Amino acid sequence: MARVRIPTVLRKFTAGEAIVTVDGATVGEAFRALVAADDEFARQIFDGEELRGYINVYVDDEDIRYLDGLDTPVGAEDEIAIMPAVAGGAA
Amino acid sequence: MRFADVTEAIGNTPLVGLPHLSPEGYHIHLKLEGHNPTGSVKDRVAKYLIDQAERFGQLAPGQRVLEPTSGNTGIALAAICRVKGYPLTCVMPENTSEERKQLLTMFGAELVYSPAEQGSNGAVRMAQQLASDDPNVYMPFQYGNAANPLAHYETTAPEILADLPEVTAFVAGLGTGGTVTGVGRRLKSVNPQIKIYAAEPEYGDLVYGLRNLDEGYVPEVLDVDVLDGRIKVDSRSALEWTRRLAEEEGIFAGVSTGASLAVAVRVCGRLPEGADIVALSPDGGWKYLSTGAYAPGDLDELADRISATLWA
């Protein structure tokens, strides 16, 4: 089980929920469970087998690119956060 | 120190230890970029953007400069363009703080506002449109201009190495990605073992107010391979560390500094004991007073109330 934090732009796929709990021992498994019922949701997250370039994914605040990517393990206490890439706030 | 004009006074900022906030056995140092002439690290970037454009003949005398910027880069460009005789247009989200609008106006910049709900990505899109509609303007475009990381490669990083040759890790916030890319490349060219961490501000929903993910924006100057970790920091944590910095170390910094400090403290645990970590403080707190970030009160309530405008 893992908690996934959904950004505003994707909440149309989660009935407006900001936090969704799904099954999965890794980020990849959790995301496949998350988007299983909705092809459009899947297309927003995945580009083939890979995550799309315009989203950043964090497990306990750490970008999974610098952990084990989609194989990064997640426990019941962990939060997976999806955040869209943005141009820097105060740049 | 004596300089011919204000553009010559950019850089050579102090590197200050944090004896009270560094975890036991570690040494965190802050590079105080608020000591630059217009008060932020962006003086370095703006100087390089204009100098490089002049050098490569992209900018003619008196030509208008146009840039998407919600603050520091605009203020730095405005001062430099004024000294060098270029008119400037800044495109920024309309919810940019009043202090910044007043500073820009005083330096003679023209302001164009993009919709607040589109955040900084909206300002980038609008500036790109305006620049393509008017061939007479020059857009340096800090998000995609190699002069941005080059400023840090050639100035910020050498200053750190001169002041602290034993540096083991560097932390900076992610805006354009220019700081971590430029400093990171230079430090790793000297010692590949030096770790580079990015602090990613977790903006309020307003900044993420995109209609779909295709409107996301990954800055071209960011080299993700130079990083050893990218850690997000929420508004509450950034505020907490920013306030502790004032309360315990006597340093009044902007909220991005708190975010980088939070990451510096977090990564100490994965560095060898005795490690020297440099965190970059992009600016002082002055321009953010009106956000309420420094007002007395409950931190949770404060973070909730101002997270939408804090990073704008």
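Me: Which residues are exposed on the other side of H3(B)?
Reply: In this predicted model, the exposed residues on that side of H3(B) are Glu98(B), Gln102(B) and Met106(B).

Me: And which ones in that helix are buried?
Reply: Helix H3 of chain B runs over residues 98–106, and within it Arg100(B), Leu103(B) and Leu104(B) are buried. Viewed down the helix axis, the buried residues of H3(B) fall within an arc of 95°, so they line one face of the helix.

Me: Why would residues three or four places apart point the same way?
Reply: An α-helix has 3.6 residues a turn, so residues at that spacing point the same way.

Me: What do the buried residues of H3(B) pack against?
Reply: They pack against three elements of chain B, namely helix H2 (72–84), strand E4 (88–93) and strand E5 (110–114). Just after H3(B), Gly108(B) takes a positive phi of about 90°.

Me: Changing topic, which residues touch the most other members of the largest nonpolar core?
Reply: That core has 85 residues, and those touching the most other members are Phe170(B), Val171(B), Ala199(B) and Val263(B). Helix H8 of chain B, residues 255–267, gives the most to this core, contributing eight residues.

Me: What is Ala199(B) in contact with, leaving aside its neighbours within four places in sequence?
Reply: With those neighbours left aside, the contacts of Ala199(B) include Val171(B), Ala172(B), Gly173(B) and Leu174(B), together with Ile231(B) and Val233(B). Ala259(B), Ser260(B), Ala262(B) and Val263(B) are also among the contacts of Ala199(B).

Me: Which residues does the second, separate core include?
Reply: The second core is made of 17 residues, among them Leu51(A), Val57(A), Val59(A) and Ile80(A).

Me: Stepping back, how many helices and strands does chain B have?
Reply: Chain B comes to nine helices and ten strands. Its radius of gyration is 19 Å, close to the 20 Å that the globule rule gives for 312 residues, so chain B is as compact as a globular protein of that length. The C-alpha trace of chain B spans about 55 × 45 × 40 Å along its principal axes, and buried residues make up 54% of the chain.

Me: What share of the contacts in chain B join residues at least 24 apart?
Reply: Counting contacts between residues at least 6 apart in sequence, 73% join residues at least 24 apart.

Me: Last one, what is the mean pLDDT of chain B?
Reply: The mean pLDDT of chain B is 92, with 94% of its residues reaching 70 or more. For the complex, the predictor gives an ipTM of 0.88 and a pTM of 0.92. Where pLDDT is low, the predicted coordinates should not be read in detail.

Conventions: Residues are numbered from 1 along each chain as its sequence is written. Chains are lettered from A and ligands numbered from 1 in the order in which they are written. This is a predicted model: local features need pLDDT of at least 70, side-chain atom pairs count only at pLDDT 80 or more; totals for chains, interfaces and linings use all residues. Helices (H or I, at least four residues) and strands (E, at least two) are DSSP runs, numbered from the N terminus. The radius of gyration is taken over C-alpha atoms; the globule rule is 2.2 Å times the number of residues to the power 0.38. A residue is buried if 20 or more other C-beta atoms lie within 10 Å of its own, exposed if 12 or fewer, and partly exposed in between; C-beta atoms are placed from the backbone. Two residues are in contact if their C-beta atoms, placed from the backbone, lie within 7 Å. A nonpolar core is a set of buried Ala, Val, Leu, Ile, Met, Phe, Trp, Tyr and Cys residues joined through C-beta atoms within 7 Å. The arc is that of the directions from the helix axis to the C-beta atoms. pLDDT is the predictor's confidence in each residue, from 0 to 100.
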